[in-house]
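These are comments on the coordinates you sent. They go element by element, as numbered points.

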Amino acid sequence: MNMTIKLTERFGIYHFDTQIEFFYPPRIERLRQSTKVAIPTGKKAQAKAAAEALEVARERIGELKRRDKHGVQTQMMLYAGMDLYLSEYSGVSLRQWTDHSTIAKRLKGEYAKHPALPNMLISKLTTGHITSLVAARRRAGLAISTINKELWFLSGALKWVKKHKAVDVPDIEWAEYVGKPFQKKRWATPDQLRDIYSHITMPIQQDIFILLVTTGARLGEILSMRWDQVSHNERTVLLERTKTEDNQETLLSLTDAAWQIIERRYRSRTTAYVFQHRQRDYPCPASYPKQIAEGIQAAGLNDDVMLVRKKGKFTVHSLRDSFASLLLQSGDHTLAEIQELLGHSSPVMTQKYAHHIPNVVAQRAAQTINTSY
């Protein structure tokens, strides 16, 4: 690349403007700086000062190129830094790596409806980029907890490349962007659940929907369920909890509707997965059930703007919240029992459903009083 240095006059000082080609990583940057050489009066003096200013500019450019060549100040592109963090560190378990891989893809814009962070030099990342990212994620309806995970992954990746690769990283106050998750979750009534189901036409997604609603399992736990987890004699499934560090398992008894699905799919099984990917001829779990998400929208569960703003969007994960909420509202199950069914490692995680209990208690108290007088 031919380098052209343009001298300009500003406030009586020579400034230079040029394009510099760097190689680590490959990029072209525009450089505009003051030479600190004053512009004198007289043509001869000005010519001499201009030559001096050009020499200052060449020295500055040469130093930057030497630093770039020898890695004195390491520069790295954002996507390369995330990939490096993902491949060399990014947690110690397969579950953590899978979560981080999904986050990295979303940050790079590989998922529809989720804008990417620009692939720029890490040193050029600003608080404005992070503010725009968080705002875009909230407009897209992502849960606060999901947005927080993106911020934790991004900050962790930048901290890691700074420590282990000597990369120039900007100073960002990440705590300012971490949001407080919704304390009360969205849930649906039985009629609303039937309405969602009526909009799902693909048989495999109908089956997934029924298992989600009747077991309270996470979507990932249903999609990755294998036949060796199913007990045909006892009509149970041993769920492998995907979000516990100690590989916790939960034995669930299936409803009649759920068991009919298991028996039917067992007769036509082709791989080890209960829900085999329709377009793969090798063992591979089914992909994300888009029709369920579309059914939620068609049923109008996110039409109330104020409700969405207060408690967040109703999503596929909200089917799990509906399972827990409906059980609690029946008055026949305690929080401890719900914790066991959901596979929560701590009762604090189940406490978010406790707001359903007072209504049930009040109703039962009123019934007791009515029978006493």
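1. In strand 6, E249 is the residue opposite E240. Please keep in mind throughout that the model is predicted.

2. The pairing behind that bridge joins strand 5 (residues 236-240) to strand 6, in the antiparallel sense and over five bridges. Strand 6 (residues 249-253) has T250 and L252 on a covered face, while E249, L251 and S253 make up the uncovered one.

3. A separate comment concerns the open sheet of three strands, which has the order 1-2-3 and antiparallel pairing. Strand 1 (6-10) and strand 3 (26-38) are at its edges; each has a single partner strand, so one side of each lacks a neighbour in the sheet. On average, neighbouring strands here are turned by 30° against each other, direction ignored.

4. Within this sheet, strand 2 pairs with strand 3 through eleven bridges, again in the antiparallel sense. One of the bridge pairs is Y14 with V37, the latter in strand 3.

5. H15 belongs to strand 2 (residues 13-23). Is H15 buried or exposed? Its relative accessibility is 17%, and because the cut-off for buried is under 20%, H15 counts as buried. A polar atom of the H15 side chain lies 3.2 Å from the backbone oxygen of I13. Leaving aside residues up to four places away in sequence, H15 touches K6, L7, T8 and R10, and also Q33, S34 and T35.

6. Turning to the helices, a packed pair is described by the angle between the two axes and the distance between them. For helix 2 (residues 78-88) and helix 5 (residues 144-165), the axes come within 9 Å and cross at roughly 85°. Helix 2 is therefore roughly perpendicular to helix 5.

7. Which residues make the contact between these two helices? Helix 2 contributes L78, G81, M82, L84, Y85 and E88. From helix 5 come F153, L154, G156, A157, L158, W160, V161 and K165. By class, the residues of this contact divide into ten nonpolar, two polar and two charged.

Technical notes. Residues are numbered from 1 along each chain as its sequence is written. This is a predicted model: local features need pLDDT of at least 70, side-chain atom pairs count only at pLDDT 80 or more; totals for chains, interfaces and linings use all residues. Side-chain values use heavy atoms; hydrogens and water are left out. Helices (H or I, at least four residues) and strands (E, at least two) are DSSP runs, numbered from the N terminus. Buried means under 20% relative accessible area, exposed over 50%, partly exposed in between (1.4 Å probe, protein chains only). A polar contact is a pair of N or O atoms within 3.5 Å; within protein, one must be able to donate a hydrogen and the other to accept it, and residues adjacent in sequence count only if both atoms are side-chain atoms. Contact means heavy atoms within 4.5 Å. Axes are lines fitted to C-alpha atoms, for helices over the stretch in contact, and angles run from 0 to 180 degrees between N-to-C directions. Angles under 35 degrees count as roughly parallel, over 145 as roughly antiparallel, 65 to 115 as roughly perpendicular and the rest as oblique. Ala, Val, Leu, Ile, Met, Phe, Trp, Tyr, Cys and Pro count as nonpolar, Asp, Glu, Lys and Arg as charged, and the others, Gly among them, as polar. Two strands pair if DSSP finds at least two bridges between them.
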